[in-house]
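This report describes one protein chain, shown below.

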Amino acid sequence: MTADSDIEHGLPIRLLHDRVLVRLEGNEGERRSSVGIVIPATASMGRRLSWATAVGVGPHVRSIVAGDRVLFDPDERSEVELHGREYVLLRERDVHAVAAQRVEPDSTGLYL
């Protein structure tokens with residue numbers, strides 16, 4: 001077990017109220033387009049939301065569980081460092097969406 005997995009399985013903090021602690025996915029710097037073109041971090045873009053993985057949730061969070069991928073506005077965030085690793089602390093209302101499985105394991109895959 002690595003130090004990173006220790007943090008996420010036993011957070012050194014207890015989240016209160018409707019707070020969600022997330023770990024950002026990838027690097028916030030340069031990105032790649034779907035065809036592999038590198039987009040530098042300095043490229044001007046409109047307001048862009050970010051994906052992150054929830055690693056902890058407060059007792060009053062109703063729609064998110066640890067392990068969910070969530071979509072949020074990176075301009076409305078509070079950063080925190082725990083054991084040398086950067087996390088973002090959000091309120092549940094600041095999360096715009098939770099990624100859903102496209103096909104459930106027992107389903108036919110039809111969207112009706």
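## Strand pairing

In this predicted model, S1 and S7 are paired through four bridges in the antiparallel sense. Val 20 has Leu 90 as its bridge partner in S7. S1 also pairs with S4, again antiparallel, over five bridges. There Val 22 lies opposite Ala 54 of S4. S5, made of residues 69-72, is joined to S8 by three bridges, and these two strands run antiparallel. Phe 72 faces Val 95 of S8 across that pairing.

## The sheet as a whole

These pairings belong to an open sheet of six strands, ordered S6-S7-S1-S4-S5-S8, with antiparallel pairing. The edges are taken by strand S6 (78-82) and strand S8 (95-98); each has a single partner strand, so one side of each lacks a neighbour in the sheet. From one strand to the next, the twist averages 45°.

The protein has one helix and eight strands. Along the sequence the elements follow the pattern α-β-β-β-β-β-β-β-β. Of the contacts with a separation of 6 or more, 62% are between residues 24 or more positions apart.

## Nonpolar cores

Which residues make up the largest nonpolar core? There are 11: Val 20, Val 22, Ala 52, Ala 54, Val 61, Ile 64, Val 70, Phe 72, Val 88, Leu 90 and Val 95. At least two residues of this core come from each of strand S1 (19-24), strand S4 (50-57), S5 and strand S7 (85-91). A second, separate core has five residues, among them Leu 21, Val 55, Leu 82 and Tyr 87. In soluble globular proteins, nonpolar side chains tend to be buried together.

Setting aside neighbours within four places in sequence, Ile 64 is in contact with Val 20, Ala 54, Val 57, Val 70, Glu 92, Val 95 and Val 98.

## Ala 99 and the surface

Ala 99 lies in the segment that follows S8. Is Ala 99 buried or partly exposed? Its relative accessible area is 33%, so Ala 99 counts as partly exposed. Apart from neighbours within four places in sequence, Ala 99 is in contact with Trp 51 and Arg 69. Trp 51 and Ala 99 are 48 residues apart along the chain, and their C-alpha atoms are separated by 9.1 Å.

For the protein overall, buried residues account for 26% of the 112 residues. The accessible surface is about 8,100 Å², and 50% of that area belongs to carbon and sulfur atoms.

## Confidence

How confident is the predictor, and where is the mean pLDDT lowest among the elements? The average pLDDT for the protein is 75, and 65% of the residues score at least 70. Among the elements, S5 has the highest mean pLDDT (92), and helix H1 (residues 3-9) has the lowest (44). The pLDDT is below 50 over residues 1-7, a stretch with six contacts in the model beyond near neighbours in sequence. Where pLDDT is low, the predicted coordinates should not be read in detail.

Definitions and conventions
Residues are numbered from 1 along each chain as its sequence is written. This is a predicted model: local features need pLDDT of at least 70, side-chain atom pairs count only at pLDDT 80 or more; totals for chains, interfaces and linings use all residues. Side-chain values use heavy atoms; hydrogens and water are left out. Two strands pair if DSSP finds at least two bridges between them. Axes are lines fitted to C-alpha atoms, for helices over the stretch in contact, and angles run from 0 to 180 degrees between N-to-C directions. Buried means under 20% relative accessible area, exposed over 50%, partly exposed in between (1.4 Å probe, protein chains only). Contact means heavy atoms within 4.5 Å. Accessible areas come from the Shrake-Rupley method with a 1.4 Å probe; for residues, only the protein chains shown count as cover. A nonpolar core is a set of buried Ala, Val, Leu, Ile, Met, Phe, Trp, Tyr and Cys residues joined through side-chain atoms within 4.5 Å. pLDDT is the predictor's confidence in each residue, from 0 to 100.
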